[in-house]
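Here are a few exercises to work through with the model open beside you. Try each task before you read its solution.

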Amino acid sequence: MKMNRLGASDLFVGEIGLGCMTLGTDEAKAVSLIHEALELGINFLDTADLYDTGHNEEIVGKAIRGRRDRVVLATKVGNRRIPGQDGWGWDPSKTYILSAVKESLRRLGTDYIDLYQLHGGTIEDPIDETIEAFEQLKREGVIREYGISSIRPNVIREYAARSSIVSVMNQYSIIDRRAEETVLPLLQEKGISVIARGPLASGRLAAGREPVKGVLDYELEELISLRKQLQELETDGRSLTQLAIRYSLAHPAVAVVIPGASSREQLLQNIAAADVPALSAEEVQLIRRVSKANVYAQHR
């Protein structure tokens, strides 16, 4: 599998990673999927303290036991559970980040995190304080690098200008091309890598899975039509899944895509995209002609 550097860091990741959020809570099944992913060349695993109220981190931790040196481990912080209340509250404070990382380390069964990411963010946050928390953890060796997970251009611009983030996780697929307008060009210019989540748009671009409802600017009928047009564009033996993953990887700002997988079949389909040719510039343009740009509202 092709390896890419995250930003200007010493972290090298396979171009296809594993988004662990969809692994589920069946521990044996999830651990087996992670083990197979690692055996097949994936080295980047992404989780978060938010997923399954921390259980996802625990599963990932069990799966990488004895394999830690083969993994670039990423998790996230910022969503705080408030005792006695349902749901989560947003807390990007330094105090909370320095506290939450200890719990993530415990659940993951490790003494360091390769990539620690702010899980969201607003322009009203105490951004300098948040940055200082990550910088302190980096100085202490608790984390190797840090980044953010955000779809908000104004927040991304602030961190790109004021911090030493090496990555931005952003939703990016043929169906959701919003990042092409502002985010991807900015991050490419700054040398900050994109971790593309949702390359298959929650299965809507997966081979053998028909969409049942619309999303973003697409009505259901438009999604069905898009899939048909994309399948007609398939070349070099690429399946729809492989075509979609290769599209997200085609942008030079993208270092890694993290499709999820809840079954071995899905995992194998995703990883197979590493074995097909990259898209040519002409193929990328053909895909853009049949899909929608979903341009960001500038105030976000």
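**Exercise 1. Find which residues line the second largest pocket, and which element gives the most to that lining.**

Solution. Start with the list: Asp49, Thr53, Gly54, Arg80, Arg81, Trp88, Tyr96, Ser99, Ala100, Glu103 and Arg107 line the second largest pocket. Next, look at the elements: strand E6 (79–81) and helix H3 (94–108) are those that give two or more residues to this lining. H3 gives the most, with five residues. Sorted by class, the lining has three nonpolar, three polar and five charged residues. The volume of this pocket is about 250 Å³.

A few ground rules: this is a predicted model, where local features need pLDDT of at least 70 and side-chain atom pairs count only at pLDDT 80 or more, while totals for chains, interfaces and linings use all residues. Residues are numbered from 1 along each chain as its sequence is written, and side-chain values use heavy atoms, with hydrogens and water left out.

A pocket here is an open set of points on a 1 Å grid over the protein atoms alone, where a 1.4 Å probe fits, with protein on both sides within 12 Å along at least five of seven lines; lining residues have an atom within 4 Å of a point. Helices (H or I, at least four residues) and strands (E, at least two) are DSSP runs, numbered from the N terminus.

**Exercise 2. Now describe the largest pocket: what lies nearest its centre?**

Solution. Of its 39 lining residues, Met21, Thr22, Arg197, Gly198 and Ser202 lie nearest the centre. Strand E10 (167–171) and helix H9 (264–271) are the elements giving two or more residues to the lining, and H9 gives the most, with three. The space in this pocket comes to about 770 Å³.

**Exercise 3. Work out the strand order of the open sheet, then its edges.**

Solution. Eight strands follow the order E3-E4-E5-E8-E9-E10-E11-E12, with parallel pairing (two strands pair if DSSP finds at least two bridges between them). Strand E3 (18–19) and strand E12 (254–258) each have a single partner strand, so one side of each lacks a neighbour in the sheet. Four bridges join E12 to strand E11 (residues 193–197), and Ile195 stands opposite Val256 in E12.

**Exercise 4. Classify the ring pair of Tyr116 and Phe134.**

Solution. Rings of Phe, Tyr and Trp (its six-membered ring) pair if their centres lie within 6.5 Å; planes under 30 degrees apart count as stacked, over 60 as edge-to-face and the rest as tilted. Here the centres are 5.7 Å apart and the planes stand at 70 degrees, so the pair is edge-to-face. Tyr116 sits in strand E8 and Phe134 in helix H4 (residues 127–139), 18 residues apart.

How values were computed. Grid points are joined across faces, edges and corners, and a volume is the space filled by probe spheres set on the points. Ala, Val, Leu, Ile, Met, Phe, Trp, Tyr, Cys and Pro count as nonpolar, Asp, Glu, Lys and Arg as charged, and the others, Gly among them, as polar.
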